[in-house]
Amino acid sequence: SVSIYGDAEVPYSEDQIPQPKNIYGICKHANERIINVLGKVNNLEYTIFRPHNMYGEYQDMRNPYKNVVALFMRKAIEGGEITIYGGGKMRRAFSYVGDVVDILVDALDPKYSNQVLNVGSTIEYSIEQLAEKIEQVSGKKLNIVRKDARPQEVFLFISNNRKMRLFYPYKETSLDEGLKKTLDFINLPKIMEEQNEIYTHS
């Protein structure tokens, strides 16, 4: 995850020294170090991908603490409140899952051996802009509560994916199209039934 970069200079690149500023980023960095050590000790090949802000079909809509796209989508359907911190000025690049999966499948190629790659979008949006786009796609008005920025918040979370593009011709789905695909999937009758059950018991 690009969360390992934390306070490093943006856009993040793979050769930067990680500076995680929260527990999540610290754990991700530790996982990378473990993989690196195990690879050397056991002569194992590995590839580390650092994705960010992924969204799309099959994502967990139940988790109330992670993935801002899922949180906002769920509230658009439910009609509940969403909280935007720091005036909605925090900026993120949102990566559609279908685009990321393509390069993960391609990573079976030996050329990826022992590489570390940022993977995902480089087109940034503010959280406020994301909320507006979800309103447009869903046709629902979000009930927004605004609060001050939280401690340890990273305001600009953007990675450089030039190295990734040397390995794979990454084709990027626009945020508008990706959000529509996500909403269409959620609105499938079977998924709606599952979501209604989730909402009833959450």
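View 1. E78 counts as partly exposed, because its relative accessibility is 33% (buried means under 20% relative accessible area, exposed over 50% and partly exposed in between, with a 1.4 Å probe and protein chains only). K75 is likewise partly exposed, with a relative accessible area of 27%. The side chains of these residues, E78 and K75, meet in a salt bridge at 3.4 Å, N to O (a side-chain nitrogen of Lys or Arg within 4 Å of a carboxyl oxygen of Asp or Glu). Both lie in helix α2, residues 68-78, three residues apart, or about one turn of the helix (helices are DSSP runs of H or I with at least four residues, strands are runs of E with at least two, and both are numbered from the N terminus). A network of salt bridges links R74, K75 and E78. This is a predicted model, in which local features need pLDDT of at least 70 and side-chain atom pairs count only at pLDDT 80 or more, while totals for chains, interfaces and linings use all residues. Residues are numbered from 1 along each chain as its sequence is written, and side-chain values use heavy atoms, with hydrogens and water left out.

View 2. In one of them, the side chains of R146 and E128 meet at 2.7 Å, N to O. R146 lies in strand β8 (residues 143-147) and E128 in helix α4 (residues 127-138), so the pair ties together parts that are 18 residues apart in sequence. E128 counts as buried, at 19% relative accessibility. K141 forms a salt bridge with E135, and the closest N and O atoms are 3.8 Å apart. Here K141 is exposed, with a relative accessible area of 71%, whereas E135 counts as buried at 17% relative accessibility.

View 3. E14 is found in the segment before α1 (23-42). What is the nearest side chain of opposite charge to E14? K163 is, at 5.6 Å, and E14 is buried yet has no salt bridge (Lys and Arg count as positive, Asp and Glu as negative, and His and the chain ends are not counted). The side chain of E14 reaches the backbone nitrogen of N118 at 2.8 Å. Leaving aside neighbours within four places in sequence, E14 is in contact with residues including Y5, R50, N118 and K163 (contact means heavy atoms within 4.5 Å).

**View 4. Aromatic pairs.** The structure holds six aromatic pairs (rings of Phe, Tyr and Trp, the last by its six-membered ring, pair if their centres lie within 6.5 Å; planes under 30 degrees apart count as stacked, over 60 as edge-to-face and the rest as tilted). The rings of Y12 and F157 have centres 5.8 Å apart and planes at 85 degrees, so this pair is edge-to-face. The pair links distant parts of the chain, with Y12 in the segment before α1 and F157 in strand β9 (residues 156-157), 145 residues apart. Y12 and F157 are both buried. F49 and Y112 form a tilted pair, at 6.2 Å centre to centre and 50 degrees between the planes. This pair also links distant parts of the chain: F49 is in strand β1 (residues 47-51) and Y112 in the loop between α3 (97-106) and β6 (115-119), 63 residues apart. Both F49 and Y112 are buried. Ring pairs link Y5, Y12 and F157 into a cluster.

Terms used
A polar contact is a pair of N or O atoms within 3.5 Å; within protein, one must be able to donate a hydrogen and the other to accept it, and residues adjacent in sequence count only if both atoms are side-chain atoms.
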